[in-house]
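Hi there,

Here is the structure I promised to pass on. Have a look first, and my notes follow below.

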Amino acid sequence: MARRVVAIKRPLTSAGIIAALALVSLTLGPIVAVVLRAGGLGAIGPGDWHAFRFTLFQALLSAGFSVILAIPVARAFARRRFAGRGVLVTLMGAPFILPVIVAVIGLIAVFGQNGVVNAILTTVGLPKIDVYGLHGVVLAHVFFNLPLATRMLLQAHLAIPAERFRLAASLGLGPWAFFRTIEWPLIRRIAPGAFAVIFVICLTSFAVALTLGGGPRATTVELAIYQAMRFDFDLGRAAVLAVMQLALALIAGIVALKVSHMDGFGVGRDRQVARWDGRSLWARGWDAAWLAIAASFLLVPLGAVILKGAPGLALLNADTYRAAGHSLAVALGSTALCLAWAFPLASKRGELLSLAAIAISPLVLGAGIFLMLRPYVNPFSMALPVTGLVNALMALPFALRILRPEAEAVEADFARLRATLRMTRGAWLRLVWLPRLRRPLGFAGGLTAALAMGDLGVIALFADPDRTTLPLQVYRLMGAYQMEAAAGAALLLLGLSLALFWLFDRGGRADA
């Protein structure tokens, strides 16, 4: 007889094994190609160790602040119903899907030396704040990742059966008892995985550290890899730094998965119920304050981007619109591939494997794929398909973090019923799995499409003038000092990214 509750671990299916092998090949293959081209791993110096320590410290701070601040914001969204709530939920997700260079422009407009915040501080006689350095990097990372952590926690709040709230109300649970029995198990189930994903994202920070780092003292491992490849031409040193980065990400993932608890709240009848736990005046004020703070922090820089880009929309030419079409095709293809990839990997082992996808340096990944393709095809002719593949790979950890908790809860709640009724795989997917996972599937699809729409990574290595995506077009317009046109193209990119996110996400959520 078992003395404690033991989770039943399902073995990977044949589709899961194939998906896992493809994932391992695409994450380790490029590193092997770079190592072989360099003739072995290189040596790292004191500067690289400093970059490693700084990367670890800023990633811990960034992930910690993002998850901690997301807890009251997600709770406020779950407890409140108000006009425009769905629009606000969508808009608050914009920073995470915004191209990094565009978002940094908005942050500097608000927090920079001549920004809105420093203008207010100067008016009231307080010293200005400096947006560069460690605090600038952490600020930018929280700006990008707070929406992701908030939506992960919000999805978990919305998945709690209405029967749990009715039972808590009938028992007369106070605020502390309600938090301990309902909300704390939810946080323990979702927060460690969210922390791990955001931590790994911050490990591979490149554009943020490049623009806001403020010098050698704020150099990340990704910047050290860039220097090794771009200026020192030391592929061996770049490869060993990428391996160190990958190992740190996998350790973080293992720790997060060990401390997380995947026990769900059981099944309900999918009825919506008004939350009764936040009806007091104090609770309404608390929730309103957190929503106002989060909305201001996330949407004011977004408004600065819109104000700068609106006049440039009239300057867009046919090349920009053609690049937008390429980006849409890549985004839709990446979304379909990522979701099909995530289905068989929605397990603890699959999520751990997927963390390697965002832990590998995009620079090393792009260079490795180039070296792997060069003996067989012209890499430049494969620019768009390779970009779609890499975007699907990079989005896979987010999709699995969103899907896995609900997929395992569905399996635990309905597996015996499935066996009793002898349901076929098609009937299981159509009648149980897809309806129960509609909300996280929509969120994961929207997130993948928006991230792929705004990616500026591998395409920069492969693209030629006929295969330009919209983010690359923005970069080229900025390089040609066509700043108004670049701002207009950036605004178009933001609008398309938000539209894709909203269309997919709206299809999955009926009440968020």
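A word on angles before the helices: each axis is a line fitted to C-alpha atoms, for helices over the stretch in contact, and angles run from 0 to 180 degrees between N-to-C directions. Please keep in mind that this is a predicted model.

With that convention, helix 14 (residues 318-342) packs against helix 21 (residues 470-479) at about 145 degrees, and their axes lie 7 Å apart. Helix 14 contributes D319, T320, A323, A324 and S327 to the contact, while L470, P471, Q473 and L477 come from helix 21. By type, these residues split into five nonpolar, three polar and one charged.

T469 is worth a look alongside this pair. It sits in the loop between helix 20 (459-462) and helix 21, and it is buried, at a relative accessible area of 3%. Beyond its neighbours within four places in sequence, T469 is in contact with A323 and S327, as well as L384, D455 and I459.

The largest nonpolar core has 143 residues, and the members that touch the most others are F77, L148, F199, I225, L345, L396 and L447. Helix 17 (residues 383-421) supplies the largest share of this core, with 15 residues.

Happy browsing, and best wishes

Note on methods. Residues are numbered from 1 along each chain as its sequence is written. This is a predicted model: local features need pLDDT of at least 70, side-chain atom pairs count only at pLDDT 80 or more; totals for chains, interfaces and linings use all residues. Side-chain values use heavy atoms; hydrogens and water are left out. Helices (H or I, at least four residues) and strands (E, at least two) are DSSP runs, numbered from the N terminus. Contact means heavy atoms within 4.5 Å. Ala, Val, Leu, Ile, Met, Phe, Trp, Tyr, Cys and Pro count as nonpolar, Asp, Glu, Lys and Arg as charged, and the others, Gly among them, as polar. A nonpolar core is a set of buried Ala, Val, Leu, Ile, Met, Phe, Trp, Tyr and Cys residues joined through side-chain atoms within 4.5 Å. Buried means under 20% relative accessible area, exposed over 50%, partly exposed in between (1.4 Å probe, protein chains only).
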